[in-house]
Amino acid sequence: FLRFPRETLQLKGGDCDDLTSLLAALYESAGIPTYLMDGPGHIALLFDSGISEDEAAEIGLNVSDTVPCGDSVCIPLEVTKVGSEFITAWSEGSQRFQRWNARNEAVVIPVSEAWDVYKPSTLDWPSATLPAPAVGDIDRVYPVEIEKLAKENAERRAKEYVDRTRKIPADADAYNKLG
């Protein structure tokens with residue numbers, strides 16, 4: 001059975017469908033479109049980055065780790081990696097999607113369309129309240145995640161230019177970009 005997002009929060013955990021429902025609710029409440037990524041015996045989440053494939057490549061994202069969603073790219077997340085680094089959840093979500101997609105087992109469902117079939121529930125506010133995360137915790141974790149993402153992107157791009165210079169030693173553009 002599927003728990004309501006607030007139940008998952010109160011329990012501080014859940015399985016893949018509970019965590020996907022919770023994360024979709026959080027993204028959707030912030031105005032970020034989400035998609036259910038369904039496959040054999042598992043479900044994960046895609047969220048709309050709001051940027052095109054060209055823009056993603058331009059800012060250094062590894063486009064092969066994204067999923068086309070209309071005019072923009074989505075970021076696949078393995079939601080069971082709660083507590084792991086964002087990059088880990090993204091990498092594992094991407095790998096899972098690529099495996100499912102290669103076997104024609106991936107089903108992507110826009111949450112907004114799912115609401116047409118399964119109307120959102122209207123519930124009374126729960127009596128239990130959940131504390132907001134401490135600002136210090138967010139301030140401590142966020143820069144570390146951004147730095148890791150930037151480092152990963154720089155290393156991937158540097159490898160691309162090193163590979164180009166090995167193939168074409170006179171490739172001045174590759175040397176300039178590597179610099």
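Trainee: What should I know before reading the values?

Mentor: This is a predicted model, in which local features need pLDDT of at least 70 and side-chain atom pairs count only at pLDDT 80 or more, while totals for chains, interfaces and linings use all residues. Residues are numbered from 1 along each chain as its sequence is written, and side-chain values use heavy atoms, with hydrogens and water left out.

Trainee: In what order do the five strands form the sheet?

Mentor: Strands of a sheet pair through backbone hydrogen bonds, either parallel or antiparallel. Helices (H or I, at least four residues) and strands (E, at least two) are DSSP runs numbered from the N terminus, and two strands pair if DSSP finds at least two bridges between them. Here the open sheet has the order S3-S4-S2-S1-S5, with antiparallel pairing. S3 and S5 (107-110) are the edge strands, each pairing on one side only. Neighbouring strands are turned by 35° against each other on average, direction ignored.

Trainee: Which residues stand opposite each other around S4?

Mentor: S2 and S4 pair over four antiparallel bridges. Leu 45 stands opposite Leu 77, and Leu 46 opposite Pro 76.

Trainee: Is S4 mostly covered or mostly exposed?

Mentor: Buried means under 20% relative accessible area, exposed over 50%, and partly exposed in between (1.4 Å probe, protein chains only). In S4, six of its six residues are buried.

Trainee: Which residues have the most contacts inside the largest nonpolar core?

Mentor: In soluble globular proteins, nonpolar side chains tend to be buried together. A nonpolar core is a set of buried Ala, Val, Leu, Ile, Met, Phe, Trp, Tyr and Cys residues joined through side-chain atoms within 4.5 Å. The largest has 19 residues, and those with the most contacts inside it are Tyr 27, Leu 45, Phe 47, Ile 75, Leu 77 and Trp 90. H2 (16-29), S2 (42-48), S4 (72-77) and H4 each give two or more residues to this core, with H2 giving the most, four.

Trainee: What does Tyr 27 touch?

Mentor: Contact means heavy atoms within 4.5 Å. Leaving out residues up to four places away in sequence, Tyr 27 touches Ile 32, Thr 34, Leu 45, Phe 47, Leu 77 and Phe 86. A second, separate core of nine residues includes Tyr 35, Met 37, Leu 46 and Val 67.

Trainee: How do H4 and H6 cross?

Mentor: Axes are lines fitted to C-alpha atoms, for helices over the stretch in contact, and angles run from 0 to 180 degrees between N-to-C directions. Angles under 35 degrees count as roughly parallel, over 145 as roughly antiparallel, 65 to 115 as roughly perpendicular and the rest as oblique. The axes of H4 (residues 86-102) and H6 (residues 135-167) come within 9 Å and cross at roughly 50°, so the pair is oblique. Phe 86, Ile 87 and Trp 90 in H4 meet Glu 145, Lys 148, Leu 149 and Glu 152 in H6.

Trainee: Why does Asn 153 count as buried?

Mentor: Asn 153 counts as buried because its relative accessibility is 11%. This residue of H6 touches Gly 60, Leu 61 and Asn 62, not counting residues up to four places away in sequence.
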